[in-house]
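Hi there,

Here is the structure I promised to send over. Have a look at it first, and then read on for my notes.

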Amino acid sequence: MGKYKVCVYAITKNEEKFVNRWYNSMKEADKVYVLDTGSTDQTVKKLKNLGAFVTVKKIDPWRFDNARNESLALVDEDADICVCTDLDEVFLPGWREQLEKAWKKDTTRLKYNYNWQLDENNQPTVNFYIEKIHSRKNYKWTHPVHEVLTFQGDCEKTEITDQITVNHYPDQQKSRSSYLPLLELSVKEDPEDDRNMHYLGREYMYYGKWKKSIATLKKHLKLKRATWRDERCASMRFISRCYKNLEDYDQARIWLDKAIKEAPYLRDPYIERALLEYHLENYEEVEKYCLKALKITTHQKSYINEIFSWNNTVYDLLSISCYHLGKMNYAIYFVDKALEYTPNDNRLLNNKRVFLEKED
């Protein structure tokens, strides 16, 4: 028993394949609470057999914030620390000990490492801070989707630790069909909320609704609360992607130039500009923007970061552009750099053979 009473809480539906892995990760807590929202598989039975406290309740109409709040309500009132997780998440062992070290008497919330995406070698490709560990009082989940843990007290005190890490292993078969209508509802409920306006514009982009996405993301950029430069840059990049899909390449360039100006410290807009120029076979421009991207060596801990900004994409693009520009030595150098990330990539290996033959 530690010096704090720590309780995990979660929501679930038809996730029996994750139960054992998840519970084994969470059992360092004093108690584990789960709200099941209507499973038809063995999720509930498996959780109860392992020792979780499970309540079954249908949330109708479905909203993620209501479900989270119902699951939080299950937690003992005398709990000191609440840990919200999902069943596709796994804490690295020893998290409870590190939590006790990081938590102070006046702490209300804790930020910690979240590996949102991992590669085939279990190495993080997208990592940022998450803040779903909090005190029992004065917190409530808000927004129908992409829900936010909102503090409702007088003085919030947040600590940060790099000693707690959660890995995310999402179910790729899981539908996100509910996200779009819930995001539309969220924006309708609070049209001044910049975060959800950005998410809605992004969701329209995912669905190929290019013009709707552009209009929504432009609304995001005009909101008074839309001040986070990383997110503004992302909206500009997404607008550019939409124009690219509409084959309006002049507008696509204009918006990427705006994105670079908005957040020149991020690799993402430079790489996205290089990808646009690659699509248009403008190899000198590809080389120019890739080299600019490589000057940025600080990887921000943000969910905004694109995977392609920090994997082998930049070297891949450079190798191909140098090949087309007749710079064979550089083409070989950059394809070797790309292969350091994925040494068994047949396309890259074949490119290297072509470059070497051309050099001879």
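Predicted model: local features only at pLDDT ≥ 70, side-chain atom pairs only at ≥ 80, totals over all residues.

**Pocket and cavity**

Rolling a probe the size of a water molecule over the atoms shows where empty space is left. The second largest pocket holds about 460 Å³ of space. Its lining is made up of 18 residues, and those nearest the centre of the pocket are Asp119, Pro124, Thr125, Asn311 and Tyr341. If you want to find the second largest pocket by its strands, look for strand 6 (109–118) and strand 7 (124–135), each of which supplies at least two residues of the lining. Strand 7 gives the most, with four residues. Sorted by class, the lining of this pocket has nine polar, seven nonpolar and two charged residues.

The structure holds one cavity of 30 Å³ or more, and the largest cavity has a volume of about 30 Å³. Which residues line the largest cavity? They are Cys84, Thr85, Glu89, Tyr112, Tyr114, Ile130, Lys132 and Val166. Strand 6 and strand 7 turn up here too, each with at least two residues in the lining of the largest cavity. Five residues of that lining are nonpolar, one is polar and two are charged.

**Helix pairs**

Two packed helices are described by the angle between their axes and the distance between the axes. I have two pairs for you.

In the pair of helix 5 (179–189) and helix 6 (residues 194–206), the axes are 9 Å apart and the angle is about 145 degrees. The crossing of helix 5 and helix 6 is left-handed. On the helix 5 side, the contact uses Tyr179, Leu180, Leu183, Glu184, Ser186 and Val187, and on the helix 6 side it uses Asn196, Met197, Tyr199, Leu200, Glu203 and Tyr204. By class, eight of these contact residues are nonpolar, two are polar and two are charged.

In the second pair, helix 10 (residues 268–279) and helix 12 (residues 313–324) have axes that come within 11 Å and cross at roughly 35 degrees. The crossing of helix 10 and helix 12 is left-handed as well. Here Ile271, Ala274, Leu275 and Tyr278 of helix 10 meet Thr313, Val314, Leu317 and Ile320 of helix 12. This contact has seven nonpolar residues, one polar residue and no charged ones.

Is helix 3 mostly covered or mostly uncovered? Mostly covered: seven of its ten residues are buried. The buried residues are Phe64, Asp65, Ala67, Arg68, Asn69, Ser71 and Leu72. They pack against strand 1, strand 2 (31–36), strand 4 (81–84), strand 7, strand 8 and helix 5.

Pro61 sits in the loop between strand 3 (53–56) and helix 3 (64–73). The peptide bond that leads from Asp60 to Pro61 is cis, with omega near 0 degrees.

Asp76 lies in the loop between helix 3 and strand 4. Why does Asp76 count as buried? Its relative accessibility is 19%, and buried means under 20%. Leaving aside neighbours within four places in sequence, Asp76 is in contact with Lys5, Lys31, Tyr33 and Arg136.

Most residues other than glycine have a negative phi, and most peptide bonds are trans. With that in mind, here are two residues to check.

Asn14, in the loop between strand 1 (6–12) and helix 1 (19–26), has a positive phi of about 55 degrees although it is not a glycine. Asn14 is partly exposed, with a relative accessible area of 34%.

His146 is found in the loop between strand 8 (139–142) and strand 9 (148–151). Phi of His146 is also positive, near 50 degrees. His146 is buried, at a relative accessible area of 17%.

Finally, take a look at Glu357 in helix 14 (residues 346–359). Glu357 counts as exposed, with 59% relative accessibility.

Methods
Residues numbered from 1 in each chain as written. Heavy atoms only, no water. 1 Å grid on protein atoms, 1.4 Å probe; cavity = no way out; pocket = protein on both sides within 12 Å on 5 of 7 lines; lining within 4 Å. Points joined across faces, edges and corners; volume = space filled by probe spheres on them. Nonpolar A, V, L, I, M, F, W, Y, C, P; charged D, E, K, R; others polar. Axes fitted to C-alpha atoms, helices over the stretch in contact; angles between N-to-C directions. Left-handed = near helix turned anticlockwise from the far one by under 90°. Contact = heavy atoms within 4.5 Å. Buried < 20%, exposed > 50% of the residue type's maximum accessible area, 1.4 Å probe, protein only.
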